[in-house]
Amino acid sequence: HPAVEMLPAWSQAEGAARAAAAFRERFGTEPDGVWSAPGRVNVIGEHTDYNGGLCLPIALPHRTYVALASRAATDGDPDRVRLASAQEQGTWEGQIADVAPGSVQGWAAYAVGVAWALREAGHAVHGFDAVVDSCVPYGAGLSSSAALECAVAVALDEVHALGLGGDDAGRARLAAACIRAENEIAGAPTGGMDQAASLRCTQGHALLLDNRDGSTRHIPLDLAEHGLALLVVDTRAPHQLADGQYAARRAQCHAAAEALGLETLREVEDLDAALERLAGTLPGGTDVDVIRRRVHHVVTDTRRVELVERLLDADDVEAVGPVLTEAHASLRDDYEVSVRELDLAVESAVAAGALGGRMVGGGFGGSAVALVRAEDVEAVATAVATAFAEAGPAAPAFLVATAEAPAGRSA
Ligand code: GAF
């Protein structure tokens, strides 16, 4: 059997110590503090956020740490930002006032974009030095970018005493700033689930997020209590959100809603009737079958979130497994965002005894989850690693997801 690689999560004390040490080494001074924010894994409800639908993410134990020192208003250059990362070469330097769509390339856009967005929202934010360190797997569809944005957001909130981090309404506003940073400065047209998950989840709960109005419900999720575990498979298939596929799916959903005279696909009540109507209402030249399948996925996935909510409320957690597998088929066949590695992860996990599984996040690479009995974690991971070794793709890596704390101060 191939070895199973588990991706470790640092404790908050360890992550904070690493980021603070890297800060001292880079800038030769002490940071004001260290803040951190988690990556996420979504239990169910994929590509629903930008359609006003439901999703159900949890915050991972894997977090991104930001050691930050605010520049005093009296500093000779109060607007200057310097950013470094333990995972990247070099230091990014610039002025917040110069940040604009298209002006910052690479990972720094996700960090300095948040300072820009907070300013756009009317908050007095000035420059800072920051060093980032992270154990959120990068590019694995587990929201390493949202974790970076949200860690910077809670840091800037506190050093400027904006008072937003202290309650959920304020955190929703921080999330909105992070979404603007990602959409407008980093140029990734994502929907907002990831930032809400990183800022608004609570430990021991999944976050039922209604993207129609941003309202939430915290659903207790202690899988260990049920003898279960959520095994995440990072397929290591390259995953890229800023490419055209994600935007193309968004545009198709938008076109479908428009053809139906709806603001979002969340408003579809009678799915069969809506699918029927699309034939006559979409602009000529549109592939009606493709749009119908996209709509079918989006509408049924929000229904699956409602079903999982009922199952969790009834403590019938094992029954969630098959719903995940059904969601995977919908993402693969109707939404067409899966890839061979994701299908292989789900199929090999289910064949090895997982109760169900599906790809998570945007797709086109990234990770899958499998709901497994706690005693089967190792056997299922080994079976998935073996299937990959036999089929040819690079070896996957694994982690066990538990519902952890949202973004906050770590030191
Ligand atoms: C990515 C996006 F960032 C989210 O907004 C969401 O649309 C997800 O893909 C799919 O559910 O993570």
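Trainee: Hi! Where does Ser 143 sit?
Mentor: Ser 143 is in the loop between β6 (128-134) and α3. Helices (H or I, at least four residues) and strands (E, at least two) are DSSP runs, numbered from the N terminus. This is a predicted model, in which local features need pLDDT of at least 70, side-chain atom pairs count only at pLDDT 80 or more, and totals for chains, interfaces and linings use all residues. Residues are numbered from 1 along each chain as its sequence is written.

Trainee: Okay! Is Ser 143 buried or exposed?
Mentor: Ser 143 is buried, with 32 other C-beta atoms within 10 Å. A residue is buried if 20 or more other C-beta atoms lie within 10 Å of its own, exposed if 12 or fewer, and partly exposed in between, with C-beta atoms placed from the backbone.

Trainee: And what is phi of Ser 143?
Mentor: Phi is near 70° there, a positive value in a residue other than glycine. Ala 161 is not a glycine either, and has a positive phi of about 50°.

Trainee: Where is Ala 161, then? Buried or exposed?
Mentor: Ala 161 lies in the loop between α3 and α4. Ala 161 counts as exposed, with 8 C-beta neighbours inside 10 Å.

Trainee: New topic: at what angle do α3 and α4 pack?
Mentor: Helix α3 (residues 144-159) and helix α4 (residues 168-185) pack at about 130°, and their axes are 9 Å apart. That makes α3 oblique to α4. Angles under 35 degrees count as roughly parallel, over 145 as roughly antiparallel, 65 to 115 as roughly perpendicular and the rest as oblique. Axes are lines fitted to C-alpha atoms, for helices over the stretch in contact, and angles run from 0 to 180 degrees between N-to-C directions.

Trainee: Which residues of α3 and α4 meet?
Mentor: In α3, they include Ser 145, Ala 146 and Cys 150, and in α4, Leu 174, Ala 177 and Cys 178 are among them. Being in contact is defined by C-beta atoms, placed from the backbone, that lie within 7 Å.

Trainee: What about α4 and α5?
Mentor: α4 and helix α5 (residues 193-200) pack at an angle of about 145°, with axes 9 Å apart. Leu 174 and Cys 178 of α4 take part in this contact, and Gln 195 and Leu 199 are among the residues from α5.

Trainee: Last one: how many residues are in the largest nonpolar core?
Mentor: It has 120 residues, and those with the most contacts inside it are Val 66, Val 114, Ala 151 and Leu 231. Such a core is a set of buried Ala, Val, Leu, Ile, Met, Phe, Trp, Tyr and Cys residues joined through C-beta atoms within 7 Å.

How values were computed. Two residues are in contact if their C-beta atoms, placed from the backbone, lie within 7 Å.
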